[in-house]
Amino acid sequence: MLASATLQPRYRKALFLTLALCCLLPAVNSPTALILGFILANVIGVPQDWPIGAATKKLLSLSIICLGFGIPFSQAQQVTLTNLPLILGSIITTIVLGTLLAKLFKLERNTGHLIACGTAICGGSAIAAVAPAINAKNDQTALALACVFVLNSLALFLFPLLGHMLNLTQHEFGVWSAIAIHDTSSVVGAASAYGEEALKTATTIKLARALWIVPIAALSAMWFGGERKLRVPTFIVYYCLAIAISSLLPQGQPLYDGLFIAGKRLLIVCLFLVGCGITISKLRTHGVRPLLSATLLWMAIASGSLTVVMLTSH
């Protein structure tokens, strides 16, 4: 960080809050928010005594719940059931391939499994859930998270560009991004940049995919002999409840529309906070092999799922 030593903490906090609030403006999109957070973290620095990581998780959960008010139940049901084979197939394939790549690159077993689970299901949330199930060390968890965060950041920029180059429809892009991008925040961010139909499709499939955290964590605990107390992500439950409320009580549609818009803006703020957690110094502390393994795994699942989506849509 170039100026962190000279900038007083109160001014750093003021700058952080100003940029975070700017992300609520319509002019700021997902990639811009991520870049703003990354620049702030690496050039000025972020407040060290503020729980930014915890705030990111809470805001992301809230934004996803708000998005649920804009997704009709019939659409959520149809999209989920239609793509269930792709969801299951991608999860199984990713974990198997991730295990093989971890052995090829001679990664620690726990680290390789965390990267595979993060790629297969929902990035940081899956890693956080599986880590205690396999008794992973803090540095192993941090390394897997770092790899996922870097690739998530790339996906946010690359996927919309590739989608337009390949002339993918809104639905096709929504399915592809939900399967091929790790974290929910980046999935929703990329899909939101592509279009509203893509956003609804991607959010629905991504959260259906995220439900597999529980069985994967349970199987991991059996395989690795770790903690067997599992936690169901509560935001998924509330997201489903939001869909149910908007479908059963249609008279509240003006309110639901407002909550859906608020959810999309809150997501932009979340991506700013995600960017604040990515620093060059953190990335330098780890060797290239874990990131290379994670990148190859991501490229395999991204290209494979894109092929399936394009073949089944034509």
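Mentor: A residue counts as buried under 20% relative accessible area, as exposed over 50% and as partly exposed in between (1.4 Å probe, protein chains only). The model is predicted, so local features need pLDDT of at least 70 and side-chain atom pairs count only at pLDDT 80 or more, whereas totals for chains, interfaces and linings use all residues. Residues are numbered from 1 along each chain as its sequence is written, and side-chain values use heavy atoms, with hydrogens and water left out.

Trainee: Is Thr184 buried or exposed?

Mentor: Thr184 belongs to helix H10 (residues 184–194); helices are DSSP runs of H or I with at least four residues, numbered from the N terminus. Contact means heavy atoms within 4.5 Å, and beyond residues up to four places away in sequence Thr184 touches Ile64, Cys122, Lys206 and Leu207. Its relative accessible area is 6%, so Thr184 is buried.

Trainee: How are the rings of Phe69 and Tyr256 arranged?

Mentor: Rings of Phe, Tyr and Trp (its six-membered ring) pair if their centres lie within 6.5 Å; planes under 30 degrees apart are stacked, over 60 edge-to-face, and the rest tilted. The structure holds 7 aromatic pairs. For Phe69 and Tyr256, the centres are 5.6 Å apart and the planes lie at 20 degrees, so the arrangement is stacked.

Trainee: How many residues apart in sequence are the parts that Phe69 and Tyr256 tie together?

Mentor: Phe69 and Tyr256 are both buried. Phe69 lies in the loop between helix H3 (52–68) and helix H4 (73–82), and Tyr256 lies in helix H14 (residues 253–276), so the parts joined by this pair are separated in sequence by 187 residues.

Trainee: Which residues form one aromatic cluster?

Mentor: Phe159 and Trp298 form a stacked aromatic pair, with 6.1 Å centre to centre and 25 degrees between the planes. This pair links distant parts of the chain, with Phe159 in helix H8 (residues 138–165) and Trp298 in helix H16 (residues 288–313), 139 residues apart. Phe159 and Trp298 are both buried. The one cluster is formed by Phe159, Phe173, Trp176, Tyr194 and Trp298.

Trainee: Over the ring of which residue does the charged end of Lys200 sit?

Mentor: A charge sits over a ring if NZ of Lys or CZ of Arg is within 6 Å of the ring centre and within 35 degrees of the ring normal. Arg109 lies over the face of Trp223, at 5.2 Å from the ring centre. For Lys200, the charged end is 5.7 Å from the centre of the ring of Phe260.

Trainee: What is the relative accessible area of Asp49?

Mentor: The side chains of Lys13 and Asp49 meet in a salt bridge at 3.0 Å, N to O. Lys13 lies in helix H1 (residues 9–22) and Asp49 in the loop between H2 and H3, so the pair ties together parts 36 residues apart in sequence. Asp49 is exposed, with a relative accessible area of 55%.

Trainee: Which helix gives the most to the nonpolar patch?

Mentor: Patches are made of residues with over 30% relative accessible area and no salt bridge; like charges are joined within 9 Å, and nonpolar side chains (Val, Leu, Ile, Met, Phe, Trp, Tyr) within 5 Å. The nonpolar surface patch, whose members include Ile35, Phe157 and Ile280, has about 880 Å² of accessible area together, by the Shrake-Rupley method with a 1.4 Å probe and, for residues, only the protein chains shown as cover. Helix H2 (30–44) and H8 each supply at least two residues. With 5 residues, the helix that gives the most is H8.

Trainee: What is phi of Lys106 near?

Mentor: Lys106 is found in the loop between helix H5 (84–104) and helix H6 (109–120), and is exposed, with a relative accessible area of 70%. Its phi is positive in a residue other than glycine, near 60 degrees.

Conventions:
A salt bridge is a side-chain nitrogen of Lys or Arg within 4 Å of a carboxyl oxygen of Asp or Glu.
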